[in-house]
Amino acid sequence: VGGYMLTVVAIGLYVSRFNRKTEDYFKGGGHVPWGLAGVSLFISGFSAFMFVGAAGVAYGNGGGALVLFALAGPAYFFGYLAYGKLWKRSRIDTPMQFLGRRYSPGTTYVYTLLAVIPNVLVLGIMIYTLCILTSTAFGFNALTFDLGVATLNGFQLSLVVTGVVLVVYTMVGGLWAVMVTDALQFLILFLLTLVMVPVAYHFLGDGSIVDGIGRLVREAPDNYFSVTLDGQPKLFWAAYFMSILIGYNVQWHIAQRYYSVPDERDTRKMALWCAGLGVLMPLLWITPVMVTPILFPDIAAMWPDLAKPSEAAFVSLALAVLPHGMLGFMVAAIFAATMSSADTTFNWLAAVLTKDVYVPIKRRLGHAEPSDRRQLLFGKLSVAAMGVIAIWIALNMDRFG
């Protein structure tokens with residue numbers, strides 16, 4: 001995990017040399033390779049939810065979970081058909097410029113206010129929830145660290161270290177750092193799940209993957225493979241699909257990926273790449289968890305303190321089948337899943353604050369438009385400021401209730 005942290009910081013420092021202008025910092029100069037942009041687009045939509053919430057859905061709804069999370073594939077395919085080329089054609093530097101052009105600068109200011117405040121809160125929540133899991137896994141919570149200026153418990157120190165690492169590589173490296181570290185994070189997640197699939201069925205079959213698959217078919221709970229979700233009507237499927245069909249094509253970080261590639265043809269390749277990953281990766285994430293209802297039929301007794309014990313299904317499986325080194329790898333993968341979402345949010349928020357707030361306000365006050373170098377500095381300081389606030393929110397989450 002320490003190696004992973006050092007690697008992402010090193011990547012941020014290395015790619016900082018590419019950030020000579022704000023266009024480089026916020027959209028990769030419009031020259032990001034489509035394969036890299038596609039991987040970043042796909043993985044930035046995930047967080048530790050895939051190891052917790054999604055695992056809980058898979059524990060109770062095997063077939064339903066497989067279909068539910070694979071619907072990302074056709075949603076991204078809609079980007080191939082329509083949205084990707086339209087975002088590239090818009091020739092914008094931030095998604096908010098589209099709103100300002102379509103409606104008015106006033107719309108941009110109001111929407112920015114409504115977007116920045118809750119998203120900084122979400123960043124604090126991301127750091128907080130990530131460290132609940134990791135500090136518990138490492139046994140840090142019972143430790144106390146005297147730093148000279150302050151005394152922190154292990155959980156608080158993990159919040160600070162995680163937040164600082166996240167802010168440093170995002171602030172220094174810009175969108176290039178976000179995308180390259182996203183590719184690293186995708187690799188970690190992919191390797192972990194690639195290991196978990198055969199190992200889970202090998203464990204279920206007492207040394208035979210084939211026997212493990214056979215046991216799943218024979219002993220799975222009733223209707224486990226049916227395409228249903230507990231407590232959800234059939235109308236849910238249509239509503240959910242419409243939601244992600246739009247959401248997976250117009251969210252701000254998705255628009256940012258589409259206009260960061262060289263041309264419209266690249267947006268189609270990128271969307272097609274994401275559509276394939278959107279079908280394949282949920283299969284790798286969900287199929288190992290499908291063995292857990294058989295291995296841990298009374299998971300509530302294993303995790304009595306959890307509000308939803310089924311959400312510990314993936315962690316329970318990992319503890320049962322992985323050696324210590326691979327458990328460390330799993331923790332790094334959980335870090336990767338959340339950080340890929342958080343770093344993306346930092347970058348596009350900084351782009352909005354710089355291009356859609358700072359520059360227009362300077363003009364309205366009668367000043368000359370800030371130089372590109374000054375805008376770049378403002379963007380980096382915006383990431384730093386939001387990072388400090390997010391860490392403060394995470395540290396005070398218990399007090400806030």
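Trainee: Is Asp 206 buried or exposed?

Mentor: Good place to start, and keep in mind that we are looking at a predicted model. Asp 206 is exposed, because its relative accessible area is 72% and anything over 50% gets that label. You will find Asp 206 in the loop between H9 and helix H10 (209–219).

Trainee: What is the phi of Asp 206 near?

Mentor: First the general idea: most residues other than glycine have a negative phi. Now the case here: phi of Asp 206 is near 50°, a positive value in a residue other than glycine. Asn 223 also has a positive phi, near 60°.

Trainee: Where does Asn 223 lie?

Mentor: Look in the loop between H10 and helix H11 (235–250). Asn 223 counts as exposed, because its relative accessibility is 66%.

Trainee: Let's turn to helices. How do I read a pair of them, and at what angle do H8 and H9 pack?

Mentor: Two packed helices are described by the angle between their axes and the distance between the axes. Here, helix H8 (residues 105–138) packs on helix H9 (residues 154–204) at an angle of about 125°, and their axes are 9 Å apart. That makes H8 oblique to H9. Their crossing is right-handed.

Trainee: Which residues of H8 and H9 meet?

Mentor: From H8 come Ile 127, Tyr 128, Leu 130, Cys 131, Ile 132 and Ser 135, and they meet Phe 155, Ser 158, Leu 159, Thr 162, Gly 163 and Leu 166 of H9. Sorted by kind, the residues of this contact are 8 nonpolar, 4 polar and no charged.

Trainee: How do H9 and H13 cross?

Mentor: The axes of H9 and H13 come within 8 Å, crossing at roughly 45°. The two helices are therefore oblique to each other. H9 passes H13 in a left-handed crossing.

Trainee: Which residues meet there?

Mentor: On the H9 side are Phe 186, Leu 189, Phe 190, Thr 193, Leu 194, Met 196, Val 197, Ala 200 and Tyr 201; on the H13 side are Leu 277, Met 281, Leu 284, Trp 285, Thr 287 and Pro 288. The residues of this contact divide into 13 nonpolar, 2 polar and no charged.

Trainee: Can we zoom in on H17? Which residues does Ser 341 touch?

Mentor: Ser 341 has its place in helix H17. Leaving out residues up to four places away in sequence, Ser 341 touches Ser 44, Phe 46 and Met 126. Ser 341 is buried, because its relative accessible area is 11%, under the 20% cut-off.

Trainee: What is Trp 348 in contact with?

Mentor: Trp 348 lies in helix H17 too, and Trp 348 is buried, with a relative accessible area of 8%. Setting aside neighbours within four places in sequence, Trp 348 is in contact with Asn 119, Trp 252, His 253 and Gln 256.

Trainee: Where is Phe 378 found?

Mentor: Phe 378 is in helix H18 (residues 372–395). Phe 378 is partly exposed, with a relative accessible area of 29%. Its contacts, apart from neighbours within four places in sequence, are Leu 353, Thr 354 and Tyr 358.

Trainee: How many residues of helix H4 are buried?

Mentor: In helix H4 (residues 53–60), 6 of the 8 residues are buried, so the helix is mostly covered. Those buried residues are Gly 53, Ala 54, Ala 55, Gly 56, Ala 58 and Tyr 59. Among the elements covering them are helix H5 (62–70) and helix H13 (264–289).

Trainee: Last one: which residues touch the most other members of the largest nonpolar core?

Mentor: That core has 121 residues, and Tyr 4, Phe 42 and Phe 51 touch the most other members. Take Phe 42: not counting residues up to four places away in sequence, Phe 42 touches Tyr 76, Phe 186, Cys 274, Leu 277, Gly 278, Met 281 and Trp 285. You have already met Phe 186 of H9, and Leu 277, Met 281 and Trp 285 of H13, where those two helices meet.

Conventions:
Residues numbered from 1 in each chain as written. Predicted model: local features only at pLDDT ≥ 70, side-chain atom pairs only at ≥ 80, totals over all residues. Heavy atoms only, no water. Core = buried A, V, L, I, M, F, W, Y, C linked by side-chain atoms within 4.5 Å. Buried < 20%, exposed > 50% of the residue type's maximum accessible area, 1.4 Å probe, protein only. Contact = heavy atoms within 4.5 Å. Axes fitted to C-alpha atoms, helices over the stretch in contact; angles between N-to-C directions. Helix = DSSP H or I, 4+ residues; strand = E, 2+ residues; numbered from the N terminus. Parallel < 35°, antiparallel > 145°, perpendicular 65-115°, else oblique. Left-handed = near helix turned anticlockwise from the far one by under 90°. Nonpolar A, V, L, I, M, F, W, Y, C, P; charged D, E, K, R; others polar.
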